[in-house]
Amino acid sequence: MTKELSNKVLSIKPSGIRKFFDLASEMKNVLSLGVGEPDFDTPWHIREEGIYALEKGRTFYTSNSGLKDLRKEISNYIKRTQNVEYDENSEIIVTVGGSEAIDIGIRALVNDGDEVIIPQPSYVSYEPCTLLAGAKPVIINLKAENEFRLTAQELLDAITDKTKILILPFPNNPTGSIMEKDDLEAIVKIIIEKDIYVMSDEIYSELSYKDKHVSIVSFAGMKERTILINGFSKAYAMTGWRLGYACAPKEIIKQMTKIHQFAIMCAPTTSQYAAVEALKNGDKDVAEMRQSYNQRRRFLLNAFKEMNIPCFEPFGAFYVFPCIKEFGMTSEEFATRFLQEYRVAVVPGTAFGDSGEGHLRISYAYSLDTLKTAMERLKSFVESLRN
C-alpha cells in the first residue's frame, strides 16, 4: 500500500507531543503536563458573543480573508501594541489557527529547492510544512548557554544563496525563550543585507513576563519582508475555536488567500465574531491569565532549584525546559520512565529538534495544584535516580 502514498508524507515523523499525550490518555491516574493548552475557559463575554452569533443565524461563509470587522480589529491591535499599521483590506488574512497561516505562508513564498532556516528547538510544524512545500529545512541548533536565543552569527552562518525564509519562533515553544529588542536589532541588519523573508510566529506574544513583547515588524525595513503569525488560542484560551491570522505585504497575502480559498474557504464564522469581542474587550482577561501563568512559572523554577535541576529562566509562553543530562538518559527515556513509574506526562526535548536532547518540555498551562503534585512526583523520581 505504501508505494501508492506520497513519499513526502511518508518521510515525515508524527508529532512527538501527541505521542506522549496519546500514551498518557491510555493510562489511569496520569497527570499530563504535555499539551500547550490553557486550563482557563474562554472568557464568558467572548463565548457569549459566539453564542449570540449562532442565535442570530450568522452561520454563513465569510469572505475568504475573514470578517472585515475582525481584520479591522487585528489591524487596531497591532497598531496599539507595535505601532505598525496593516491595511485590513489587503494585508491581513484570518486562518484556521496559526498553524494554517504557517503552512500557507511557507507555500506562498517558496519554490522547489529554496531553503528555509528553522531555529530549533521549536514548534513541530515548521519543518514538515517546509518539506511539504518542496523547500529544504536548514536547522540552526540553538544553545542552552544562549538561553536558546538566535544569535546574529548563527543566522549568518546558516544563510546561503538559496535562503528564502527565516522562521522566527519567539516567544518560543518549547523553551519559553524570548528575543528582546537588542537581540532583534542584531539579526535585522543581516536579514535586510541578505534580502531574505521572515516568518515571525508570535502566537505567545501576550505571554511575556519580562518586558512588553517586541515584534520584528516594528523595525524599519521589516514589515515589507515579514509574515507575522498570531492567533487567539494561547492569549484568550480559545484553542478549540481554531482561529489565527497572518499579516504581510499585499502580494504575499494575495497568494496566501489563493491557497486558503481552495483548501479551506474561510475560517469558522462563529469563532470570528467571538474574536472581534476578544480583541475589543479582552485585555483584562489576558492580563489576569498572564499573572496566573507567571505565578506558576515562578513556582516551577523554584521547585527545580530545590531539586538542583538546571533550568534557565524563560520569560515567554507557558513552558519551562529543564536539563536532565545528569541522569545519563535520553530525553525520551527519561520521559518514558517518568510516565510509567510516576504517572506524569512531559514531552522529551527531542520532539522539537535534536538540540532539545537532554531537556524536557513541561507546560505550566495547568493549575497550581496539578503542578505541585507533579513536582512532588518528579522530586521522588529524581531522588530515586540519584540514589
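## Salt bridges

Across the whole of this predicted model, a search finds 16 salt bridges, each defined as a side-chain nitrogen of Lys or Arg within 4 Å of a carboxyl oxygen of Asp or Glu. Glu91 and Lys223 form one of them, at 3.3 Å from N to O; because Glu91 belongs to the loop between α4 (68-82) and β2 (92-95) and Lys223 to the loop between β6 (197-201) and β7 (226-231), the pair ties together parts that are 132 residues apart in sequence. Glu91 counts as buried at 15% relative accessibility, whereas Lys223 is partly exposed at 23% (buried is under 20% relative accessible area, exposed over 50%, partly exposed in between, with a 1.4 Å probe and protein chains only).

A network of salt bridges links Glu147, Arg149, Glu180, Asp183 and Lys210, and within this group the closest N and O atoms of Glu180 and Lys210 are 3.2 Å apart.

## Sheet and helix

Helices (H or I, at least four residues) and strands (E, at least two) are DSSP runs numbered from the N terminus. An open sheet has the strand order β9-β12-β11 with antiparallel pairing, where two strands pair if DSSP finds at least two bridges between them. In β9, paired with β12 over two bridges, Val320 stands opposite Ile362.

Helix α11 (residues 283-307) reaches 36 Å from its first C-alpha to its last, and just after α11 Asn308 takes a positive phi of about 60 degrees.

## Basis of the values

Residues are numbered from 1 along each chain as its sequence is written, and side-chain values use heavy atoms, leaving out hydrogens and water. Local features need pLDDT of at least 70 and side-chain atom pairs count only at pLDDT 80 or more, while totals for chains, interfaces and linings use all residues.

Technical notes
Expected span 1.5 Å × (residues − 1).
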